[in-house]
Amino acid sequence: MPAVTDLRCQDLKDRHWDQIRETLKTDIDVLDPEFTLKSLIDMRVNDKKDDLAEIALKAKKEAELEKQLKEVTDSWEGEELKTNEIKEKDIFILTGVEDIITKLEDTHVAI
C-alpha cells in the first residue's frame, strides 16, 4: 500500500499531519497504541493515496529546503565584515569585500 509508505515519511511535521487529517476527514492519531494497519484500511487511505503522496512529497521537499537553509545559515555564522574607519568623516568603509561577494554568490547558487 503506497499510502502506508507515504504516512511513514519521517519528514512529516504537524502541519502535514493536519493536512492528512483534513484529507482523510478523520482525527488520525498515529501515536495511539490502538492505531493499526487495519485502522488505515478502515479509513480507506488507499482512496486518497494520490493526495497523501502529494503531502509526503511536499514534506520531503520542505525538509530538503530546511536542510539547505541550515547549511547556508551555518556557513555565515560568525562571519565578520571588516571595516576601516575614516575618523575625520566619522564613517566606516567595508574592506575585503571580494571574499564576501564570492560567498554571497555561492550562497545564492546554493539556494
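Trainee: What should I keep in mind about the model and its numbering?

Mentor: Residues are numbered from 1 along each chain as its sequence is written, and side-chain values use heavy atoms, without hydrogens and water. As the model is predicted, local features need pLDDT of at least 70 and side-chain atom pairs count only at pLDDT 80 or more, while totals for chains, interfaces and linings use all residues.

Trainee: At what angle do α2 and α4 pack?

Mentor: Two packed helices are described by the angle between their axes and the distance between the axes. Here α2 (residues 14-24) and α4 (residues 49-76) pack at about 170 degrees, with axes 10 Å apart, and are therefore roughly antiparallel (an angle over 145 degrees). Axes are lines fitted to C-alpha atoms, for helices over the stretch in contact, with angles from 0 to 180 degrees between N-to-C directions; helices are DSSP runs of H or I, at least four residues, numbered from the N terminus.

Trainee: Which residues of α2 meet α4?

Mentor: Arg-15, His-16, Gln-19, Ile-20, Thr-23 and Leu-24 do so, where contact means heavy atoms within 4.5 Å.

Trainee: How many residues has the largest nonpolar core?

Mentor: In soluble globular proteins, nonpolar side chains tend to be buried together. The largest core here has 15 residues, and Leu-7, Leu-12, Ile-20, Val-45 and Leu-52 have the most contacts inside it; such a core is a set of buried (under 20% relative accessible area, 1.4 Å probe, protein chains only) Ala, Val, Leu, Ile, Met, Phe, Trp, Tyr and Cys residues joined through side-chain atoms within 4.5 Å. Its largest share, 4 residues, comes from α4.

Technical notes
Helices (H or I, at least four residues) and strands (E, at least two) are DSSP runs, numbered from the N terminus. Angles under 35 degrees count as roughly parallel, over 145 as roughly antiparallel, 65 to 115 as roughly perpendicular and the rest as oblique. Buried means under 20% relative accessible area, exposed over 50%, partly exposed in between (1.4 Å probe, protein chains only).
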